[in-house]
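Could you walk me through a couple of elements in this one?

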Amino acid sequence: MKVIPIYIEAGISGFESPAAEYKELGLSLDQLLIRHPNATFIGQASGQSMQGIGIFDGDLLIVDRSLAAKNGDIIVANFNGCFVCKIIDKVQARLLSASKNHAPVKINQGDDFQLEGIVTRSIRLHHQAPELTACMH
Amino acid sequence: MYALVDAVSFYASAEKVFDPSIRNKPVVVLTNNDGCICAVCPIARKLGIPKFKPYFQVKAFLQKHNVVIRSSNYELYADLSERMMNVIARYCDNQHVYSIDESFLYFKNYGKIIKDWHQYGHEIRRAIWKETRLPVGVGFGSTSTLAKAANHAAKKLSGYNGVAVMNNAQQSKPILKQMDVNDVWGVGRKISLRLKQQNISSAYQLSKQDPKTIRKQFSVVTERTVNELNGISCLTWDEVKEPKQEIFSTRSFGQRIVDIHSLQAALTTHGAIVAKKVRQQSSLVKKLMIFASSSPHDENYYKQVMIYKFPVATDNSCDIANAISLVLTDIFITGVRFYRCGVGAIELESRTFQQPDLFVADNSNPALMNCLDHINNRYGQGALTLGAEGQTQLWQMRRDFLSPQYTSNWRDIPKIRC
């Protein structure tokens with residue numbers, strides 16, 4: 001016997017969500033915080049010398065290499081083989097801290113100095129992130 | 001106009017990006033299992049360290065000169081490669097990524113926009129250095145073979161400082177004259193030996209040969225090379241992009257393997273890698289080669305190769321794992337200390353033109369494989385594996401001098417002193 005299946009239809013369907021048409025892609029922190037993804041890296045602050053401008057030990061720093069540094073920018077540099085985060089004083093070639101306990105550092109001829117990028121954002125983690133805990137020391 | 005942009009000793013340069021303490025030091029990078037030197041930074045090159053030398057042979061020399069040694073950090077290189085390629089892509093609308101650190105560009109109708117290719121090349125170099133901290137060489141040429149030659153000149157010959165242009169015979173001649181025929185793109189070691197027997201030793205001499213005669217003596221490929229050296233474009237992107245005819249995954253072990261379960265795990269892992277690559281290029285495996293061996297330096301060298309032919313070509317990782325289980329007992333012998341193993345798809349079919357078998361059930365399960373690939377693409381390679389691949393991977397490659405994964409693991413992000 002051949003049977004042609006016909007499904008019973010009650011003609012009842014729920015209301016389509018009135019918000020369906022307004023669904024967007026959601027918010028991405030990357031999109032907000034990172035302008036130049038290819039030129040940006042994320043580092044972690046270690047030390048107290050930048051607390052005056054709100055960068056604390058353990059904060060995440062978003063560093064953009066593609067921007068040109070202006071006087072007074074918060075920068076990351078390779079200073080004698082070590083990444084440092086400071087305020088750049090281009091006029092007197094100095095690295096300034098944001099703390100009374102740390103004196104400005106003059107960049108001398110013999111120093112190995114390369115500007116690595118501009119700190120465009122810093123992020124404080126008020127709760128510990130387990131992914132990062134190995135670095136907290 | 002074509003261009004080839006590639007990084008200067010990419011692996012070694014990549015190691016310096018996030019480790020400022022080694023920027024001014026000689027750095028070498030070792031291959032899989034820390035066996036050989038595969039990259040030498042320019043500072044280390046000045047010390048006379050040769051590429052492809054076994055590590056143990058130069059260990060004392062490296063120590064004496066305080067050379068920084070690194071294992072291959074593929075996670076870091078892949079990330080930096082992608083960034084570099086993205087920056088390059090801004091400079092041309094037709095980009096072909098040729099390898100992890102090489103990218104061809106084809107400038108069609110750019111003549112009116114770009115007046116000075118030299119300057120444009122330096123612009124590309126500066127942008128890549130500023131944004132990724134990778135040094136590159138840029139070569140321009142009226143064919144891709146000339147672009148490759150110009151790139152060679154940009155990096156190796158003095159006076160070019162990272163950029164060379166070969167747009168006409170006048171610009172080409174001095175570079176081709178200084179270039180060994182062996183360094184010409186598309187000329188292999190064997191062909192260059194035969195050319196040298198005929199006193200054709202420089203790229204310039206090769207360019208002066210009659211293409212038709214070269215075709216008779218060598219092949220159509222070498223004929224094209226001669227034409228390309230003379231500015232006649234013969235190679236197209238599609239030819240370079242053609243799907244691979246064979247796909248292999250093979251490696252020597254970090255530690256010798258003596259039990260059958262570890263060998264199965266290692267072979268299955270290689271099988272899964274092959275299956276994934278096969279799916280990526282929309283192929284199917286018809287014939288699979290499975291092999292394992294002890295070291296050729298061992299006293300009783302043992303090697304066994306098995307070929308498995310699938311009744312119906314497949315791209316299913318499970319089918320490949322089953323094939324490996326079937327031949328495993330023919331490969332494994334108690335007492336052999338296995339040093340190396342691998343799996344290769346040696347006969348591939350196109351999925352689009354598959355010939356199904358009327359009498360064999362189709363158990364390819366594309367939905368499952370799709371799901372597997374999606375999960376691994378999203379959560380990282382190895383997030384989801386076959387049970388037979390095992391959990392403890394003692395046989396994994398040795399990487400004793402591995403640098404942190406600065407850009408792909410939160411625990412490894414660079415520390416910045418405040």
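Which residues of H15(B) are buried? In this predicted model, they are B:Met369, B:Leu372, B:Asp373 and B:Asn376. They cover an arc of only 95° around the axis, so they sit on the same side of H15(B). That buried set packs against helix H13 (260–280) and helix H14 (317–331) of chain B. Over on the other side of H15(B), you'll find B:Ala367, B:His374, B:Arg378 and B:Tyr379 exposed.

The length of the helix checks out too: H15(B) covers residues 366–379, and at 1.5 Å a residue its 14 residues should span 20 Å, which agrees with the 20 Å between its end C-alpha atoms.

Now for the strand in chain A.

| Partner strand | Residues | Sense | Bridges to E2(A) | Facing residues |
|---|---|---|---|---|
| E1 of chain A | 40–46 | antiparallel | 5 | A:Gln44 and A:Leu60 |
| E7 of chain A | 113–123 | antiparallel | 5 | A:Val119 and A:Val63 |

How confident is the predictor here? Chain A has a mean pLDDT of 88, with 79% of its residues at 70 or more. Among the elements of chain A, E2(A) has the highest mean pLDDT (98) and helix H1 (residues 29–33) the lowest (93).

Definitions and conventions:
Residues are numbered from 1 along each chain as its sequence is written. Chains are lettered from A and ligands numbered from 1 in the order in which they are written. This is a predicted model: local features need pLDDT of at least 70, side-chain atom pairs count only at pLDDT 80 or more; totals for chains, interfaces and linings use all residues. Side-chain values use heavy atoms; hydrogens and water are left out. Two strands pair if DSSP finds at least two bridges between them. Helices (H or I, at least four residues) and strands (E, at least two) are DSSP runs, numbered from the N terminus. pLDDT is the predictor's confidence in each residue, from 0 to 100. The expected span of a helix is 1.5 Å times one less than its number of residues. Buried means under 20% relative accessible area, exposed over 50%, partly exposed in between (1.4 Å probe, protein chains only). The arc is that of the directions from the helix axis to the C-beta atoms. Contact means heavy atoms within 4.5 Å.
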